[in-house]
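Work through the exercises below with the model open. Each task is followed by a stepwise solution.

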Amino acid sequence: MKFCKKYQEYMQGQEKKLPGVGFKKLKKILKKCRREDSHEVHDVRTCPDHCPVCDGSFFPALLKEMSAVVGFFNKRAQKLLELHLASGFRKYFFWFKGKLRGNHVGLIEEGKDLVTYALINAIAIRKILKKYDKIHYSTQGQAFKSQAQSMHIGILQSPWLCELMAFHINLRETKTKSRNAPALFEGCSLKINDGKPSLACELFDSVKLDVDLTCSICLDTVFDPVALTCGHIFCYMCACSAASVTIVDGLKAAEPKEKCPLCREARVYEGAVHLEELNMLLSRSCHEYWEQRLQTERVERVRQAKQHWESQCRAFMGV
């Protein structure tokens, strides 16, 4: 079965209409472009930059659809994980407000559906951009993909996808076996090669996602991980150091000019996401390392907190 038909069947099979990629509509735009190009000499050098058919309709339409897909996915994933991590009265309050109807089984099923939704839409976007490049003999489609990532609308760079992967592994490893337990999502796994962990996810033959869990600042496994809005993951304390803020002030206090240590993009700290599911997964999977790192971090946190309050006291006293 061709992917276009498989994608259409998947989207139509959802209970509610979900944001998606207008695969057929975008292919029609490209066919129109091909017909127009056939009436004149095709100039490979100018078409990628001067194609009125695609510049005026293809890329704007795809950009709008990608934004809708990522926005929907992030919102749903955030609510799901918020409920899973909630406890006591807070959890019952969320259920009462109707943020998620059902029980533990509902959590598992919705999480699985969200991962599937993210990956199948990522494949759809990749395939339609490859189609664009094939028709135009260009690399403009790949350039658009890079541009979308810099605009934070690449679904595979969403920190909530990383959290959902960790969420499934956590459930699979901690859920007690019972006859009525639903089948857990087997596509996600934590791999450790030469002491370096990574998250892997395989759902379809044509897509495989690997997330490196080594902090590029301290070069160790990420501890108390946080994802910046550019998608890169660091230890929380390392991110605070890179942003020139203390752990007491937090990343929201970072100046807009501060940049990601990897991609050098500015304004990436204020919207950083704390990866709590990933934190739980790594603390259990790398227990010895976690305990050692916890001791050293605790000392540093106490030192920074002491310095912060001493400076506040001196400022209050006018010293």
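**Exercise 1.** State in which helix Lys134 lies, then find the positive surface patch and the helices that supply it.

Solution. Step 1: Lys134 is placed in helix α5, where helices are DSSP runs of H or I with at least four residues, numbered from the N terminus. This is a predicted model, in which local features need pLDDT of at least 70 and side-chain atom pairs count only at pLDDT 80 or more, while totals for chains, interfaces and linings use all residues. Residues are numbered from 1 along each chain as its sequence is written, and side-chain values use heavy atoms, with hydrogens and water left out.

Step 2: Lys2, Lys24, Lys28, Lys31, Lys131 and Lys134 form a positive surface patch (residues with over 30% relative accessible area and no salt bridge, like charges joined within 9 Å; areas by Shrake-Rupley with a 1.4 Å probe).

Step 3: At least two patch residues come from each of α2 (23–38) and α5 (104–136). The largest share, three residues, belongs to α2.

**Exercise 2.** Which residue forms a salt bridge with Glu110?

Solution. Step 1: Six salt bridges (a side-chain nitrogen of Lys or Arg within 4 Å of a carboxyl oxygen of Asp or Glu) are present.

Step 2: The partner of Glu110 is Arg76, with the closest N and O atoms 2.8 Å apart. This pair links distant parts of the chain, 34 residues apart: Glu110 in helix α5 and Arg76 in helix α3 (residues 52–85).

**Exercise 3.** What is the average pLDDT of the chain?

Solution. The average pLDDT (the predictor's confidence in each residue, from 0 to 100) is 81, and 81% of the residues score at least 70.

Key
Patches are made of residues with over 30% relative accessible area and no salt bridge: like charges are joined within 9 Å, nonpolar side chains (Val, Leu, Ile, Met, Phe, Trp, Tyr) within 5 Å. Lys and Arg count as positive and Asp and Glu as negative; His and the chain ends are not counted. The place of a charge is taken as NZ of Lys, CZ of Arg, CG of Asp or CD of Glu.
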